[in-house]
Amino acid sequence: MQKTIPIYITLDKKRIPSSFEKNKSDQYLINYAIPLNSRFVTLGFETEKHIQYVKTIVLDTTYMDLQFFPESGELIHGLPSLLGVKLLRYDGRGMPAAGTITNNKDRCLLHLKQTELGMGSVWLNHADSNEKYIARILSPSRNNTTPNLSLAGGYCKRGHFICKQNGTENQVERPFQYIDMDSIIVRASCRGIIYYDLKGRLKNYAFEYSLPSNALPEGIINFTLMSHAGIPIAERLYFNERAESRIRISGITDKQAYTQREKTQISLEIKDGDGLPLPAHLSVMAFNRSQQGTIPDLRQDILSYFLLSSDLKGEIENPGFYFSKNENHFNDLDALLLTQGWSKYNYTRDDVAFQFKPGTLFYSIR
């Protein structure tokens, strides 16, 4: 075993190289003074056999990470925008909270209210790159925190999609800044398959097109706005829910209760959305539901994996929650896509900031 081992200590994003010697018990005793206000400390080292090891230790368990995700990329100066909001605990799990967003004059502009998984959305009526926005979160465990919310001042060829639900009609809009009569393409794709390339010209700074929801598969739909040359400009994920198209599986047992190892007969019936029988290959798992609590309703299953988790980066906390059919079902799904499905494109900005009138792209899904 090597006598001295190099160790890298990272405190508040500052990497500090150091080294420690082996003691008489063949152990490396790390003795390093850590400032009281440090939230995390990360230790990393590499052995003489080039095996690397990294460990992060949480020092402040009241730490909160508040994140903002402007819809489809960036906030645009002078345009309204939907903001996805995500609040995480020190261990990376979502946490519910309430708070406000104020401007530099301490005027309250928005009220924040997160779901039990720490996600939500707020509508900013007018984004101003000259303003300084402050988010304040109230938590039972600590006083207010005030992270800054910075704005990006886009000025041309940049916009974002807005997805919302209006009764039984789902509508996708897009505020934008474009020259009148510019040609654009709106691409609708799902799981890597392109279903539609909707081409058109802007008239009065708007583009409208209607598409029935049954023309697209169930799951995450990727709407990509492209220039006439096919260059992506903005992107928005949208969940196209078609519960009526799902397979229906029902089962009936021959008895209400069984003794241990008693033979059990189950009659299974598989039908499509129209009630017609379907052939299927099935496997069955039995467990004691009373001992599982709410875990079976929240954990990953076939439905949540194929329709949600397989299309999003990172781990989804309690994926079954988004199919629980609560009253905020659509909003919860949309908040997840606004945050964990967020993306933006880097594009070449012109040297001169041209001023274009804002408009809206209306995209209806019935």
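Q: Which residue stands opposite serine 189 in this predicted model, and what makes the two strands concerned a pair?
A: Serine 189 stands opposite isoleucine 194 in strand 17. Strand 16 (residues 183-190) and strand 17 are joined by eight bridges in the antiparallel sense, and because two strands pair if there are at least two bridges between them, these strands count as a pair.

Q: What makes strand 17 and strand 20 edge strands?
A: The open sheet of four strands runs in the order 17-16-19-20, with antiparallel pairing, and strand 17 (193-201) and strand 20 each pair on one side only. From one strand to the next, the twist averages 20 degrees.

Q: Why is one side of strand 5 and of strand 9 left without a neighbour in the sheet?
A: In the open sheet of three strands, with antiparallel pairing and the order 5-6-9, strand 5 (65-70) and strand 9 (119-124) stand at the edges and have a single partner strand each, so one side of each is without a neighbour in the sheet. Neighbouring strands of this sheet are turned by 25 degrees against each other on average, direction ignored.

Q: Why is arginine 242 called buried?
A: Arginine 242 has a relative accessible area of 17%, and because buried means under 20%, this residue falls in the buried class. Its place is in the loop between strand 20 (232-240) and strand 21, and, leaving aside neighbours within four places in sequence, arginine 242 is in contact with Ser213, Asn214, Leu216, Pro217 and Glu218. In the chain of 366 residues, buried residues make up 39%.

Q: What lines the largest cavity, and which element gives the most to that lining?
A: The largest cavity, with a volume of about 60 Å³, has a lining that includes Ser72, Glu235, Arg236, Leu237 and Trp342. Strand 20 and helix 4 are the elements that give two or more residues to this lining, and strand 20 gives the most, with three residues. By class, the lining divides into four nonpolar, three polar and two charged residues.

Q: What is the class make-up of the lining of the second largest cavity?
A: The second largest cavity has a volume of about 30 Å³, and its lining has five nonpolar, one polar and one charged residues. Asp332 is one of the lining residues, and because Asp counts as charged, Asp332 belongs to the charged class.

Q: Which residues lie nearest the centre of the largest pocket, and which helix gives the most to its lining?
A: Of the 30 residues that line the largest pocket, Ile249, Leu282, Ser283, Asp301 and Ile302 lie nearest its centre, and the pocket has a volume of about 1,600 Å³. Helix 3 gives the most to the lining, with four residues, while the lining as a whole has 16 nonpolar, eight polar and six charged residues.

Key:
Residues are numbered from 1 along each chain as its sequence is written. This is a predicted model: local features need pLDDT of at least 70, side-chain atom pairs count only at pLDDT 80 or more; totals for chains, interfaces and linings use all residues. Side-chain values use heavy atoms; hydrogens and water are left out. Axes are lines fitted to C-alpha atoms, for helices over the stretch in contact, and angles run from 0 to 180 degrees between N-to-C directions. On a 1 Å grid over the protein atoms alone, a cavity is a set of points where a 1.4 Å probe fits but cannot get out, and a pocket is an open set with protein on both sides within 12 Å along at least five of seven lines; lining residues have an atom within 4 Å of a point. Grid points are joined across faces, edges and corners, and a volume is the space filled by probe spheres set on the points. Buried means under 20% relative accessible area, exposed over 50%, partly exposed in between (1.4 Å probe, protein chains only). Contact means heavy atoms within 4.5 Å.
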